[in-house]
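Please look over the protein shown here.

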Amino acid sequence: MKLKTQFYYLITVLILLPLISASFIFFQNYMKNPRHLLLKGTAEIEKIKPEELQSSESQTLGEYIRNFPPETGIAICNHNMVVLFSNMQEISVNSIANESFLQQIIIDSSNKYWYQITNRSFGEQDFYILNRIPNHIQRPQPKIKIVHFFFFTVLILTITLFIIILLIFRSISHSITYLKNYTEEIASGKYEENTEPKPVHMGNEIIAIADSIEKVRISLMEAQNQKNKFIMGISHDLRTPVAIVKGYTEAIKDGIISDPDEVAQTFDLIIGKTNQLERMVDTLINFVKLNNIENRENLVCQSITKIIYKFAEDSVATGSVFKRNITADIELDKDYLTPLNKDLAERAFQNIFGNALRYTKEDDSIIISAYEENKKIYFSISDTGCGISEEDMPNIFELFYRATSSRREEGMGIGLSVVKNILDNHGWSIDVKSKVNEGSTFTITIPIECEDELIR
């Protein structure tokens, strides 16, 4: 439960419990008021014999009747023994209650009731009053004093609040302890797994923070793994040219290579390996730059149609140099605009096309195609080269990964990772289909996000 909700419940209880207690006390006092324990008024008297009672007499008589408990039976007669009020079944209003009649009622029900006959004057008139109470009524138990009741209510309220506060404190304490231990694990560099048990049935904001930190932990772990792979990849790919340069340099220094022609060839080899090292370093620097957020902020609505046509035209011209059969099938009849970085987009296309050239042989085919459907452009580069095995397919976009068919090729395994980063920065996607010895097809999906579309 969220901390905010828990405090809302606490505040609600703090407000409601005193109100409920006060209402209950008021109700108790109200119900214990003598007016609610006695007979009701004497409106019947005024209805039956209004001409025989003055208003003051009726009011005084009503007050007198209200002093009797509700279980009391009462009958009131005037000086002529006419019944003005009665709550006894045996005596009806307006009947004549003479002495013999009353005596007979008393004799018949003496085993049930205690009777009393009194004579009272109200105003200028005298009234005869017969009242009775059941003889089985016990003496009422002493009433609980209001102070005791109030103390009991406050005690219950205090215990309830203490329990609620204890539960809230327990929830907060366990959550903070979990968060503290968890963050200490991450601070000590333990990214691999979370060994701190998560509190059960706790979903407050502190646990939500811990969940966010868990995402950070996973990101840190992935960054750490990528960093390790990055360092290992650099070490692996730079070691060979550095070792060659070092070996040939020491050979010249030690006089092992002394012939002028051999020395010249060795220097050419050293220069070639040095240029290779330079290209590798430039590739690494460019790869790091691709992860810069500024690249995502510098996308401008431009014509993707023109970029694709120009790329296809240059690629077809390259076919004759590399002795590949390169064809273009571009079906874009409009100048479609989309946010992009022209240099990065062209670099992604060139990386894919470069792989197609590398992994095909002379007279193999490469097809470049593009078409628009449902506000999206599908741009594909297909080849009939060696293809990619199923076991390599899930990893081809990983940094420094080189598929089985390319392990003997020169390169760092960064090309497709660069492509993936560029496409991610643009919000584009890529799909790969490939079969060993049959070729590969790389399809880039480009959303058309700019409103303007110019007819070619």
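## A four-stranded sheet

In what order do the four strands of the open sheet with antiparallel pairing lie? The order is β2-β1-β4-β3. Strands here are DSSP runs of E with at least two residues, helices are runs of H or I with at least four residues, and both are numbered from the N terminus. Two strands pair if DSSP finds at least two bridges between them. The edges of this sheet are β2 (83-86) and β3 (113-122), and each pairs on one side only. From one strand to the next, the twist averages 15°.

Ten bridges link β3 with β4 (residues 125-134), in the antiparallel sense. One of the facing pairs is Trp-114 with Ile-133 in β4. Three bridges join β1 and β2, also antiparallel. There, Ala-75 stands opposite Ser-86 in β2.

## How the model is reported

This is a predicted model: local features need pLDDT of at least 70, side-chain atom pairs count only at pLDDT 80 or more, and totals for chains, interfaces and linings use all residues. Residues are numbered from 1 along each chain as its sequence is written, and side-chain values use heavy atoms, with hydrogens and water left out.

The protein chain has twelve helices and twelve strands. Of its 456 residues, 36% are buried. Buried means under 20% relative accessible area, exposed means over 50%, and partly exposed lies in between (1.4 Å probe, protein chains only). Now take the contacts between residues at least 6 apart in sequence: 67% of them join residues at least 24 apart. A contact means heavy atoms within 4.5 Å.

## The turn between β1 and β2

β1 and β2 form a hairpin, with five residues between them. Met-81 sits in the turn and has a positive phi of about 65°. Most residues other than glycine have a negative phi.

Asn-78 lies in the loop between β1 (73-77) and β2. Is Asn-78 buried or exposed? Asn-78 counts as buried, at 1% relative accessibility. Its side chain reaches the backbone nitrogen of Asn-80 at 3.0 Å. Asn-78 and Ser-121 are 43 residues apart in sequence, and their C-alpha atoms are 10.0 Å apart in space.

## A five-stranded sheet

Another open sheet has five strands, in the order β6-β8-β9-β11-β10. Its pairing is mixed. The edge strands are β6 (325-331) and β10 (429-435), each pairing on one side only. The twist averages 10° from one strand to the next.

β8 (residues 365-373) and β9 run antiparallel, joined by eight bridges. Across this pairing, Ala-370 stands opposite Phe-379 in β9. Lys-375 is found in the loop between β8 and β9. Its phi is near 65°, a positive value in a residue other than glycine. Lys-375 is partly exposed, with a relative accessible area of 49%.

## Ser-380 inside β9

Ser-380 belongs to strand β9 (residues 376-383). Ser-380 counts as buried because its relative accessible area is 9%. Its side chain makes a polar contact with the side chain of Thr-443, at 2.9 Å. A polar contact is a pair of N or O atoms within 3.5 Å; within protein, one must be able to donate a hydrogen and the other to accept it, and residues adjacent in sequence count only if both atoms are side-chain atoms.

Which residues does Ser-380 touch, leaving aside its neighbours within four places in sequence? They are Ile-367, Ile-368, Ser-369, Thr-441, Phe-442 and Thr-443.

## Helices on the sheet and on each other

Helix α10 (residues 304-322) lies across β6, β8, β9 and β11 (439-447). α10 runs at about 160° to β6. Axes are lines fitted to C-alpha atoms, for helices over the stretch in contact, and angles run from 0 to 180 degrees between N-to-C directions. α12 also packs on the sheet, touching β10 and β11. The direction of α12 makes about 145° with that of β10. Lys-323, in the loop between α10 and β6, has a positive phi near 55°.

Helices α11 (residues 342-358) and α12 (residues 415-426) pack at about 145°, with their axes 9 Å apart. Residues in this contact include Leu-344 and Ile-352 of α11, and Val-418 and Ile-422 of α12. By class, the contact has eight nonpolar, four polar and one charged residues. Ala, Val, Leu, Ile, Met, Phe, Trp, Tyr, Cys and Pro count as nonpolar, Asp, Glu, Lys and Arg as charged, and the others, Gly among them, as polar.
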